[in-house]
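Please examine the sequence and the three-dimensional structure shown here.

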Amino acid sequence: MAAAAGRPWARVCQDTIGKGKAGTKIQCLKAAADALKEGKSVFIDRCNLEREQRSDFVKLGCTVQADVHAVFLDLPAKVCISRSVSRTSHEGNVQGGMAAMVVNRMLKNKQAPLLTEGFSRITFCTDDDDIKKAVDMYSALGPSHSLASGVFGQKSKGPVQTGIMKFLKKADTSSVNKSSGTMVTSSERKTGQQNTTLKQENLEAGGACSMQVEKKLDNLKEKEEQSKERVSSDTSLCTLAFPSISTADFQFDLEKASEVIVDAATDFVQKHDNVRLVLVDLSQKSRILSLVKDKAAKKSFDSSRFFTFVGDITQLHSKGGLQCNVIANAANWRLKPGGGGVNAAIFNAAGEALQHATKECADTLRPGNSVAVPVPSTSPLHQQEGVTHVIHVLGPNMNPMRPDCLKNDYTKGCKVLHEAYNSLFENFATIAQSYTGKQNDETSSRKSASGVISPNDSKTKREGSDDSERTKKCKLLPSILTSSQHHERRGTNTLSYHDNSMGSSDAPNQAREEDNKKNAAVTNKTWGSWAQSLYEVAMHPEKYKNADSILEISDEFVVLKDLYPKAKRHVLVISRTDGLDSLADVKKAHLPLLRSLHSAGLKWAHKFLEEDASLKFRLGYHSVPSMRQLHLHVISQDFNSPSLKNKKHWNSFTSAFFLDSVDVMDEVDQHGSATINPDEKLLAMELRCHRCRSAHPNIPKLKSHIAACKSPFPSHLLKKDKLLSASTMRAGCS
DNA sequence: GTTCTAGAAC
DNA sequence: GTTCTAGAAC
C-alpha cells in the first residue's frame, strides 16, 4: 500500500510501545499496519534477528504493497555486547550485566536477512561508519528518490549473491519511480518522505563492558611478610641489597650459587670498609637464603656487613625498615622491563624514569656484567625508598629456553656467576665511594662555613658531586657496549638465542638454512629464526635432559612443558622425526607416530588429572603452528594462565584452528592426510567462551567469564573422548 | 588518564 | 612464539 509522498515516518519500537510495560510483537504489527494505512513510512525498530521473528513484518509490508527493506546491523559481537552492557538509558531496560546475557542469546540465533524472505533491499552495516552512511542515505531520501534494490554492504559476497545483485540492479532500473524505503536508526527521526515499510534488524549498540566483574588483583596472598627482625639501621654504611642472581628463571643450581654468593660477598666486605651487602628474597622459605646463611655462618667475617633479609627488594625501607642506597636488579640482556620476578618488580616500582635512565647508560648487558644506573630523583623508588642507584646484573643462564644457555656447564657457569657478583660489587663500591666522598664534602663544607650554608653553595656542591658521579659511573661500567659492539651483539644474540639456548651452537648456520630449504620443499613454508626451538629440542633432547621443562624423552618424541603455558597444565609432545614440521607434512605413514604422540599425551593428561581431578584436557594440533616441528598440545581447559594474552592465543585453542588429535588420526587413517583449514580468520574471530559460546568484548572480560563459567562443554567435544576428565579417565581404565 | 589491542620487530 | 609500543577505545 503506497501512501502519498511527503508523509512522515512512524517508528515502531517494541521497547516503548507498551508505555512502560513490556511491549509485544502483536502491538508492533498493529501499530505498523495502522501507520501504513495512514500513509506513513514505517520504521520497525526491533531485534528481528531470526527469520521467523521478522516474517510477519515482511508479510505485512508485502500485503500493503510497500517496499520492504532491511538494514542489518551486523556489528561484531563484542561491540554489541559491550555497548548493550554499558548503555544506561535503554528503553527496554536491557543494559548492565543482564544485557550481555540477552545479547549473547540473541546473537547465537541470528540469521542474516535474505532477499528471498521478501525484502527488496538489504543493507548490511558492519561498523559505525556503515551505520552512519545508511542513516544519512535514508535521511536524505526525498519524495521522488528511490533506493536500488538488492543486497548492499555484505562483506563476503559469494557468486550467487553477485548474480542476484546483477539481476536486481537490472530489474531496479525499470522501477525507479516506485516508492522506496527510508529509515531511522534511533527515535530521533528526520524527514522521511516515502511510504514504505522498513525493517531494521536492530542490534543495539552502546558503550562499554559486559560482566561487571571486578578486576582481580594479582596480589598473591602468600606473598611473604617483610622481615620483622631488627636490622642495623646504621646509615653510615652504604648498603647494597641484591637478589640472588640466575637462580630463578635462569635455573642456576642453588647449592652452587650459594657458594659463589658467600665467596664473593665475604671477600668483598673484608676488602671494603663502610659498605654492607644484603641478600634479599621475598619468601621466608627461600632456599637460597637459608643456604647462604648456613654457608656464611661457617666463615669468619663481620656478619653485620653481609646478611640475608626477607622482603620485597622494592620496599625495603618503607615495609622492611632497611635503608638501602643501592639495589641490584636481576636484569635481562636487553635491559628491558617485564619478564616477571625482580626485574619486573624493580622497573615497576621505579617507574618509567628508570627505563630512560637505563637507556642512557647502556642498551644491552652480557652475562657476568653489570651496569649502574642512577635512579632519577622523580622516581618513587628514590623518593620513597631512598634508593639512589639500581645496578642491573646479568648472570649465567642454565635455562635452555632463555638466551645464552650454558647447557649445564657449571665450570663456566660458576665463573660467570662470580664475575657477575664481582662486577656488581665493584660497581657498588664505586658508588659507595662517591657517597662517602659526598658525606665528607658536606661535612667539610659545613665545617668550613662555620655552620652557615648559603643555598647557592649547597646547590653548587650538589651539582658538582652529581657531575663527578656521572663521570665515575661511566668509568665503572665495563659492561656498556659501544654502538658498533651493540649492533654486533644484537646480531649474535639473535643467533645465540637459538643456537645456545637450544644447544646447537655447534650446528652451523648454513646447516640450518639447508634444513630450512629442505623443509620448504615439503611445506613451502620458511620458519623464522624464533620458530626453531622445538626443532632443536627434538633433534638434541639429551642436551636438555636436566632442564625442568623436559618431562620425557623417547626415540619418537619429547614431552616438554610449554614455556608459555596457556592453561594450568600445558605440555607439548614433540615428534622427533626430522623434516616433519607441521600437520601439513603428515602422511599415512606417520599414523603410528601420531598414535604414539597421542598416547604419550594421554599418559601425561592422566598424570595431571591424578594431581587435580577438576581439570579437563584436550589433545590436539594447531592447523598452522608457529613453531617448527610437529607437536601435539596437551592443554587443560581452564585456560587460567597469565601467558594467555590475546585473541590469537585464545582462538588457536578454542576454534576450529585447534584440531583434535583423535580427528586428525581418523582423517589421516581414512584419507592419508589431515584436513587443515589454514584460514587466518579463525584466529581473528570474536572471543567466545569455549563452554557456553557467549561472546566477550576483550580478553580480560573473557578471562573473568571463563573463570566462572560452569556450562557444560559443547557436545561435539564429548564425543570420541576429545575431552579428557577424571571421569573419562576412570571409564577408560575400567 | 588508563586499559586494551594489533602490528612490527625479533 | 614473545616483546614492545602506538594509538584506539573507554
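A residue is called buried when its relative accessible area is under 20%, exposed when this area is over 50%, and partly exposed in between, as computed with a 1.4 Å probe on protein chains only. This is a predicted model, in which local features need pLDDT of at least 70 and side-chain atom pairs count only at pLDDT 80 or more, whereas totals for chains, interfaces and linings use all residues. Residues are numbered from 1 along each chain as its sequence is written, and side-chain values use heavy atoms, with hydrogens and water left out.

Consider R688 and E686, whose side chains meet in a salt bridge with an N to O distance of 2.8 Å; the term denotes a side-chain nitrogen of Lys or Arg within 4 Å of a carboxyl oxygen of Asp or Glu. R688 counts as buried because its relative accessibility is 14%, while E686, at 31%, counts as partly exposed. Side chains of opposite charge can pair when their charged atoms come close. The structure holds 21 salt bridges.

Another of these pairs is D581 with R628, where the closest N and O atoms are 3.2 Å apart. D581 lies in the loop between β15 and α18, and R628 in the loop between β16 and β17, so this pair ties together parts that are 47 residues apart in sequence. Helices (H or I, at least four residues) and strands (E, at least two) are DSSP runs, numbered from the N terminus. Both D581 and R628 are buried.

K722 forms a salt bridge with D663, with the closest N and O atoms 2.9 Å apart. Because K722 lies in the loop between α23 and β21 and D663 in helix α20, the pair ties together parts that are 59 residues apart in sequence. K722 is buried at 11% relative accessibility, whereas D663 is partly exposed at 22%.

Helix α20 (residues 661-671) also meets helix α18 (residues 591-611): their axes come within 10 Å and cross at roughly 165°. Such axes are lines fitted to C-alpha atoms, for helices over the stretch in contact, and angles run from 0 to 180 degrees between N-to-C directions. Angles under 35 degrees count as roughly parallel, over 145 as roughly antiparallel, 65 to 115 as roughly perpendicular and the rest as oblique. The two helices α18 and α20 are therefore roughly antiparallel to each other.

Key. Chains are lettered from A and ligands numbered from 1 in the order in which they are written.
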